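Here are a few exercises to work through with the structure open in your viewer. Try each task before you read the solution under it.

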Amino acid sequence: MSSISSIAQSGMQAALQRESAAANNIANQNTDGFRRERVDQQADPNGGTTTSVSRMPQPGSQLEQDMVDQISSSYSFQANLKTLKVHDQMMGSLLDVKA
């Protein structure tokens, strides 16, 4: 079983991966023959999450979806960061109690 901090960090990395793919899709939406990137995210049985990036089979853009993906990944990153901060605060409080 993974620690809370490693689970939160894997969530932050997944959010960054999704945001990067969405930004790449937006930047290349007018490029002829460009195939959008898609990030598939799965829960890791040992805790946390894993991602894989693939290309869509057909060229074309989906600007609305890419904008929603950017906003969603930003919120996901912030939530995981908050979890990481709270974990650190709890560990600090635990050390203060034990000291």
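**Exercise 1.** Find what the side chains of glutamate 37 and arginine 55 form where they meet, and say which strands they sit in.

*Solution.* Keep in mind that you're working on a predicted model. Start with the distance: the two side chains meet at 3.4 Å, N to O. The cut-off for a salt bridge is 4 Å, so this pair qualifies. Last, check the cover. Glutamate 37 has 18% relative accessibility, and buried means under 20%, so it counts as buried. Arginine 55, at 41%, counts as partly exposed.

**Exercise 2.** Work out how many salt bridges the rule gives, and go through the other pairs.

*Solution.* The count comes to three salt bridges. Take aspartate 66 with arginine 36: their side chains meet at 2.6 Å, N to O. Now the accessibilities: aspartate 66 is at 2% and counts as buried. Arginine 36 has a relative accessible area of 8%, so that one is buried too.

Then there's aspartate 40 with arginine 38, where the closest N and O atoms are 3.4 Å apart. Here aspartate 40 is partly exposed at 30%, and arginine 38 is partly exposed at 39%.

**Exercise 3.** Compare the reach of helix α1 with its expected span, then list its buried residues.

*Solution.* Helix α1 covers residues 4–27, which makes 24 residues. At 1.5 Å a residue you'd expect 34 Å, and the span from first C-alpha to last is 35 Å, close to that value. For burial, go down the helix: the buried residues of α1 include Ser5, Ala8, Ser10, Gly11 and Met12. Further along you'll find Ala14, Ala15, Arg18, Ala21, Ala22 and Asn25 buried as well.

**Exercise 4.** Is isoleucine 4 buried or exposed, or in between, and which residues does it touch?

*Solution.* Isoleucine 4 is found in helix α1. Its relative accessible area is 45%, which makes it partly exposed. Leaving out residues up to four places away in sequence, isoleucine 4 touches Thr83 and His87. Now try a C-alpha check against leucine 84: isoleucine 4 and leucine 84 are 80 residues apart in sequence, yet 7.4 Å apart in space.

**Exercise 5.** Describe the chain as a whole: its pattern, its spread and its surface.

*Solution.* Count the elements first: there are two helices and two strands. Along the sequence they follow the pattern α-β-β-α. The radius of gyration is 17 Å, well over the 13 Å from the globule rule for 99 residues, so the chain is more spread out than a compact globule. For the dimensions, the C-alpha atoms fill a box of roughly 65 × 25 × 15 Å along the principal axes.

Next, burial: 22% of the 99 residues count as buried. Contacts come after that. Among those between residues at least 6 apart in sequence, 60% join residues at least 24 apart. Finish with the surface: the chain exposes about 6800 Å², and carbon and sulfur atoms supply 53% of it.

Notes:
Residues are numbered from 1 along each chain as its sequence is written. This is a predicted model: local features need pLDDT of at least 70, side-chain atom pairs count only at pLDDT 80 or more; totals for chains, interfaces and linings use all residues. Side-chain values use heavy atoms; hydrogens and water are left out. Helices (H or I, at least four residues) and strands (E, at least two) are DSSP runs, numbered from the N terminus. The expected span of a helix is 1.5 Å times one less than its number of residues. Buried means under 20% relative accessible area, exposed over 50%, partly exposed in between (1.4 Å probe, protein chains only). Contact means heavy atoms within 4.5 Å. The radius of gyration is taken over C-alpha atoms; the globule rule is 2.2 Å times the number of residues to the power 0.38. Accessible areas come from the Shrake-Rupley method with a 1.4 Å probe; for residues, only the protein chains shown count as cover.
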